[in-house]
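Please look over the sequence and the model before reading on.

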Amino acid sequence: MRRISIAVLAFALVPVACAEKSEVAAKKEAAKTQAAKPEQAPKPPPAPPSEFDALRKNIEGFAALAVSCDKGWFAKVDPSKIDKWELAIDVPSMEERCDPLLTQFQELVQPAGFRHPALDEFLRGAALVADRYMFLGFRCKKVGVRDKIPYKKMLGELRDALRADVGAMSASLERVRKLSDADLRDSGTVPVAGRIQWSHDAIARLPADFTTWIESQRKENLPIWRYSLMTSATIGTRAAGAMGAPTLAVDGAAVKAAGELATGFADAWKFWSGDYFEAEEKGSPLHYKVMKKVSDAWKKASAKAFPKAAK
């Protein structure tokens, strides 16, 4: 009887021993598998927040909205609809979606102006988008037009120019995306010669901008290019200040002339940016006179200070 009990016990212990062996084998196999895996490098810490995160976000937001409006509304402007006494586009719907372009641009100009040549290029393109969108929205509200053929032609040209502006602005955005914090903080990668040229060009274009976006428009009783003028005034004012930096060593007479031209332009922009109609007969001649004077002084001073640019 005792022999039978021992045999039964031994038989009962066999599954336990097998289970223990299986567990040990499984642990060894798991250890081998773990050892075969390459050690994963620790994840790099997240990039610290940048002082320009908000600026970059606003730039991307404006560009994305412009592209969305181009696809959803600008591309669908159909001048031929006025033949049927219909709006060329659903203006209320377009304004609901796209009018934020105007406020977003105004919020973008001041923090972005004259930080880097690439960003200035983007801003000027964005200003054209804002201006031409405003013109398009206004023109698309008309249905009862006596001479429909020239009006339809004008609408089509305005639509195509706006769409081209959106495309050019989007292309210039790629350079802006590559700008580092140093680029945005103090134009870090732009050499001295480049800074002088950048400042000079921003000032030198002001007389032409005044003629194109104010003087010529008023002669034809057309809208003032509000956002483009705002951009040139912001960039020009800061360029005039930067031109006086000792590191640039620009002739003092040119620096003085640049400052007076930028101030004259900014004053003109302020006058025509608001409700100027009641005072325009009295105030306009003064601004024309001032701009003529400061433009001539700049032309004379810059010809000596920047002989190569003058040619």
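A266 touches A233 and T237 (contact meaning heavy atoms within 4.5 Å), leaving aside residues up to four places away in sequence. The model is predicted: local features need pLDDT of at least 70 and side-chain atom pairs count only at pLDDT 80 or more, while totals for chains, interfaces and linings use all residues. Residues are numbered from 1 along each chain as its sequence is written, and side-chain values use heavy atoms, without hydrogens and water.

- A266 lies in helix α11, residues 252–273; helices are DSSP runs of H or I with at least four residues, numbered from the N terminus.
- With a relative accessibility of 12%, A266 counts as buried (under 20% relative accessible area; exposed is over 50%, with a 1.4 Å probe and protein chains only).
- G236 is 30 residues from A266 in sequence, and their C-alpha atoms are 8.4 Å apart.

**Helix α3**
- V91, M94 and C98 are the buried residues named in α3, which spans residues 91–98.
- The buried residues of α3 fall within an arc of 65° seen down its axis, so they line one face of the helix; the arc is that of the directions from the helix axis to the C-beta atoms.
- P92 and E96, on the other side of α3, are exposed.
- The cover over the buried residues of α3 includes α2 (53–72), α4 (100–112) and α5.

**Packing of α5 with α6**
- Helices α5 (residues 117–139) and α6 (residues 148–177) pack at about 155° with axes 8 Å apart; axes are lines fitted to C-alpha atoms over the stretch in contact, and angles run from 0 to 180 degrees between N-to-C directions.
- α5 and α6 are therefore roughly antiparallel to each other (an angle over 145 degrees).
- Their contact has 19 nonpolar, two polar and six charged residues; Ala, Val, Leu, Ile, Met, Phe, Trp, Tyr, Cys and Pro count as nonpolar, Asp, Glu, Lys and Arg as charged, and the others, Gly among them, as polar.

**Packing of α2 with α6**
- The axes of α2 and α6 cross at roughly 150° and come within 10 Å.
- α2 and α6 are therefore roughly antiparallel to each other.
- On α2 the contact is made by I59, E60, F62, A63, A66, V67 and D70, and on α6 by R163, V166, M169, S170, L173, V176 and R177.
- By class, the residues of the contact of α2 with α6 are nine nonpolar, one polar and four charged.

Notes: Helix = DSSP H or I, 4+ residues; strand = E, 2+ residues; numbered from the N terminus. Parallel < 35°, antiparallel > 145°, perpendicular 65-115°, else oblique.
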